[in-house]
Every structure is written in C-alpha cells, then in structure tokens.
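Come along as I look things up, one entry at a time.

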Amino acid sequence: MIELTEPRAHHDCQVLVIGSGAGGATTAATLAEAGIDVLIVEEGGWVEQDSVVPFSLEQMDLQYRSGGVTVALGRPSIAYTEGCCAGGGTEVNSGLYRRPSKATLERWRKNYAIDDFDDDEFYAACDEVEQALSVQTVPGRQTPASELLRRGAAALGWRHDEIPRWMTYPNGNDAAAGRRQSMTRTYLPRAVRAGARLLCEHRVDRLIIDRQRAFRAELTGPAGEPVTIDFGDVIVCAGAIHTPALLQRSGFRGLVGKALAMHPTVKLAARFNEAINVVNDVPVHQVKEFAPELSFGGSASHPGLVALALTDNWAEMRDAVTAWPNIAVYYAAITSQGRGRVTSLPGLRDPLVTYRLTRRDRDLLGQGLARLALVMLEAGAREVYPSFKGAPTVRSRSDLAQLTAGFSANAASVMTVHLCSTVPMGSDRSKAAADSFGRLFGADNVHVNDASLLPDAPGVNPQASVMAVALRNARHFIEEHS
Ligand SMILES: Cc1cc2nc3c(=O)[nH]c(=O)nc-3n(C[C@H](O)[C@H](O)[C@H](O)COP(=O)(O)OP(=O)(O)OC[C@H]3O[C@@H](n4cnc5c(N)ncnc54)[C@H](O)[C@@H]3O)c2cc1C
C-alpha cells in the first residue's frame, strides 16, 4: 500500500487532480513525473486489490458508488454502475482493453473540430498504456463461459475474438492467478513515487471561482468536516457523471452535462448441462459480427447476479436460480444514438441523470438479445432466459420469434457501465464544452481529463480511449506550463 496524505483542514498544491480513476491517475502520474506538485483527491477509500473477491457483492459494497445501484431516468430507466474508491472504475471493471478504431478518431476529430488530434500520436499513447498496464491475452485456458461464447459465434461463422486485459500472470499459465493492473497497482504508485500526494475519502463539493479563475476547492472530509485546498490549476477527473455535476455546482453550465453518451446493454442468462460458472471472473471473448452498433460479451455471474438476471420473470425462474453453477450471464451492448443529461440540483448530493434511447436503439436492443440467444443455443445452452418482463424461455431456434415479438425495451433491465461525453472536447463551441485539450470554456485554469471528454461513445470498451486522451492532454498541459 502506498502512503496516503494525512487529513488536514487545509492543503495547498500547484495542480489539484480531482478523482483517481483512469483519467485522474494517468494525469497525476504524468504531471508528477514532469516535476509538478500534484495533489490527488479521491472521494472513495483505498482498497487493496487482493482484499476483496472480484465481482462479489462485498466488492459492490466497498468499491462501487451507492453499492452499485444508480439509475439514469427515462423510458426505460437505465441502471449504471461506477467505481468509488482509489483507482475508480479501474478497480472494479472487467479489464478488457480495446483501442478505439481509426474511424472513431476521425469522427471525433471531424465532428468536434479537435485540433492536433493525430492518429499516430494517439496510438503511440495507447502503446504506452498497454506497456504500463501489461495488456495481454490469457496465457492458459479461458473460463468455460468465455469458451462457450466463442464456440457459439464460431458455429454461426460470426466474427469474434479474445480481448486482451490489463493483467499480469505471476504463475505462468495459471489464468485464475491473474492480477488486475488497475490504477492502484500502476499509475497511482507511480504518481506517489514521483512526489504526488493522494488524499482519499475526501469529496470535492465545489470550486470557488474569481473572474474565470478557480483558486480554491471546498471539500467534505471523512468525518464530515470542512476542508479547503488552494491550487494554481485544477484538473477534474471525477468521471462522466460527477465531473459535470461538480462543474455545475461550481457555476459552470452551458454545454456541461448536456450530452451524456453510453453503451446500453440487455442481458440473458444461459443454462448449460454442466457446471460452467466461475464466480470471480468474466469472459474475455466478444462477438463483433455487428460491431460497432452491436457487440456481445459475458458478464460477472456470481449467484447474486444470476438471480438478478432472473428477477424479471421471478415466478417462473426462481427454481432455475438453484442451478446457478450451470448458468452464466451474457450481454448485448449497443452503441446508442440517444443522449442524456447530468443536472446537479440545489440541496441534493447526487445529480439527476436522465437518458433517452432512440427508436433505433430500442429496436437494436431487441435484435441484439435475439441474436445473442442464438449464439447461446449454438453454444449448446439447454435453456436461455432473456432479461425482460414476460420473456419466453428459449430452448430452440423456433422460440426466437416469440422472443423478438415479445421484446420491449421498456420491459427490459437495461444497464450500462460505459458512460462518457458530458464535457466533450473540441474547438467547435456549438458542440464542445472544453477546448481540444480539455480546458473548460469560460475558465482559465479549470481542465477536464476523463471519460467526460470523449465526444461520443467509442463503440468499444472505453478505458483505453480515456487513458490515451488523458496522456495526450497531460503532456499538452506540461508543455503549456513549462
Ligand atoms: C463494472 C464496470 C466494468 C467495466 N468494464 C470495463 C472494461 O472491461 N473495459 C473498459 O475499457 N472499461 C470498462 N469499464 C469502464 C471504465 O472503468 C471507465 O470508462 C473508466 O474507469 C472511466 O475513467 P474516469 O477517469 O472517467 O472515471 P472513474 O474511473 O470512474 O474515476 C472517477 C473517480 O472520481 C472520484 N470522484 C467522483 N466525484 C468526486 C468528487 N466530487 N471528489 C473526489 N473524487 C470524486 C470517483 O470516486 C472515482 O474514483 C467498466 C466500468 C465498470 C463500472
């Protein structure tokens, strides 16, 4: 464990980094290694990776915001989860690493007029991230649930691959002994070694601004005590929900929080004749035949989450849950064309989050679920339980028409773990809320450097994009301030 900064009533620093997740940790290490005096503030606590079982309910309690139960209101409402601990989402996520495509970079550059956004430079930053996080494929056998997804896709002739992860495997081919290379194991220790200070269990409530310059942060400490921090520059990396919420509480409105983007998912549980459930791991294969609009993958499947996937039809399914060792949960994810909003409301601690799926999004979710059920049948599933109210149990191809006919997005348990785009970057001020390097419009020294900056949902797991953008912008900050 690294040494944390002791709580005090007041701190000073050259650069305050708010949030220690994928964006914040990368930013803090890059700045500290360039000799800048950095203080990182994190709302959650430091939790050693090996001290909790990955994907367990205990982990949700300790490391997720609100125990993992947060929701974007809409029809349907969309449940979302965020990490709230040192390392943010990187401590609890599946570790699946995907670079954004050239087409995505081109779309971002063009639609938002991002200056000096060069593909080669961007992918060089990805190389660096991959090196730092030891991104690699599983050395031994993948989990049975992963292999089944692969088998189903292969039987249909659909494009699929194994996604590398940020993991090390100290015991050679023993995949089960893999160690997730989250921020608490990589960029945060690097930042602290280079002199950065890390203050955990402190929440930044607002920034105090004087004529376009922020100079002080007001915080709440672990025992509810008030704390202040004075700084030269502030870089907000509190994630796609809490970055815009904090900026709004500090008086910034405009386009901040107006264009939330995400990858919504629908789920199913697939039951096989043999035990296939590995409770503390997730599948590493994804099916990309219909990407980027639609992708299939595997979810965490400990018994509580299997039960959750069956609750939409609990009366019929409650017997099935006892077969959880033979059941795994899978998802169909879409690149949504809808958008949402994050709005901080006076007197409320958490912001109001809303999201509107388009008609095309709703249709795509239904098509995705039917195609995913087909993959599972091809993989040998005995029964497939789609996660929406009134869903039929699928036992053969002939049941798929009933699934498609009965599907309604409003009746489905739609959820997401990929949130972005609430402070999009670019030089087109009609769309962007921050400049091409993340400096907030309307402020001289307030920057953003996390998932909020991605102009839209990348269509792949986003952490690689978040980190590569963070590296690029942190380097630009250093150049501008040297
Ligand atoms: C369950 C799950 C699975 C996922 N799986 C994958 C995957 O396999 N691959 C992938 O690429 N991506 C995955 N993601 C997404 C990925 O984790 C995020 O895209 C990434 O972490 C976003 O980085 P960020 O810096 O924007 O925010 P975060 O990593 O969420 O960090 C934000 C940090 O800011 C802190 N914070 C918030 N408000 C305040 C405040 N007011 N004061 C102080 N601190 C504050 C939070 O506590 C948090 O630690 C997953 C996410 C989840 C939740």
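**Entry 1: terms and ground rules.** I call a residue buried under 20% relative accessible area, exposed over 50%, and partly exposed in between, with a 1.4 Å probe and protein chains only. I am working with a predicted model, where local features need pLDDT of at least 70 and side-chain atom pairs count only at pLDDT 80 or more, while totals for chains, interfaces and linings use all residues. Residues are numbered from 1 along each chain as its sequence is written, and side-chain values use heavy atoms, with hydrogens and water left out.

Entry 2: I looked up L352 and found a relative accessibility of 33%, so I note it as partly exposed. L352 sits in strand 19, residues 352-356. Strands here are DSSP runs of E with at least two residues, helices are runs of H or I with at least four, and both are numbered from the N terminus. Together with V71, L73, L345 and L348, L352 makes a nonpolar surface patch of about 390 Å². Patch members need over 30% relative accessible area and no salt bridge; like charges are joined within 9 Å, and nonpolar side chains (Val, Leu, Ile, Met, Phe, Trp, Tyr) within 5 Å. The areas come from the Shrake-Rupley method with a 1.4 Å probe.

Entry 3: Where do helix 1 and helix 12 cross, and at what angle? The axes of helix 1 (residues 22-33) and helix 12 (residues 463-480) come within 8 Å, crossing at roughly 30°. I take axes as lines fitted to C-alpha atoms over the stretch in contact, with angles from 0 to 180 degrees between N-to-C directions. On the helix 1 side, the contact uses A22, G23, T26, T27, T30 and L31. Helix 12 brings residues including V466, M467, A470, L471 and F477. Contact means heavy atoms within 4.5 Å.

**Entry 4: under cover.** In helix 8, residues 303-310, I found L305, V306, A307, A309 and L310 buried. Their cover includes strand 14 (265-271), helix 9 (314-317), strand 17 (327-334) and strand 20 (383-386).

Q59 in helix 2 was my next stop. Q59 is buried, with a relative accessible area of 2%. Leaving out residues up to four places away in sequence, Q59 touches V52, V53, P54, Y64, E91, V92 and R180.

**Entry 5: salt bridges.** Side chains of opposite charge can pair when their charged atoms come close. I count a salt bridge when a side-chain nitrogen of Lys or Arg is within 4 Å of a carboxyl oxygen of Asp or Glu. How many salt bridges does a search of the whole structure find? The search finds 27.

One of them joins R65 and E43, at 3.1 Å from N to O. R65 is in the loop between helix 2 (57-63) and strand 3 (70-72), and E43 is in the loop between strand 2 (38-41) and helix 2, so I marked the pair as linking distant parts of the chain, 22 residues apart. R65 is buried at 11%, whereas E43 is partly exposed at 23%.

K102 and D119 meet at 3.8 Å, N to O. K102 lies in helix 3 (residues 102-112) and D119 in helix 4 (residues 119-133), so this pair ties together parts that are 17 residues apart in sequence. D119 is buried at 14%.

R203 forms a salt bridge with D205, the closest N and O atoms being 2.9 Å apart. R203 is buried at 11%, and D205 is buried at 13%. Through shared partners, salt bridges join E43, R65, E82, R203, D205 and R349 into one network.

Entry 6: Most residues other than glycine have a negative phi, and most peptide bonds are trans. I noted the R75 to P76 bond as cis, with omega near 0°. P76 is in the loop between strand 3 and strand 4 (78-80). The bond from A291 to P292 is cis too, with omega near 5°.

S134 is in the loop between helix 4 and strand 5 (135-136).

**Entry 7: the start of the chain.** E3 comes in the segment before strand 1 (10-18). Is E3 buried or exposed? E3 is exposed, with a relative accessible area of 70%. E3 and L198 are 195 residues apart in sequence, and their C-alpha atoms are 8.0 Å apart in space.
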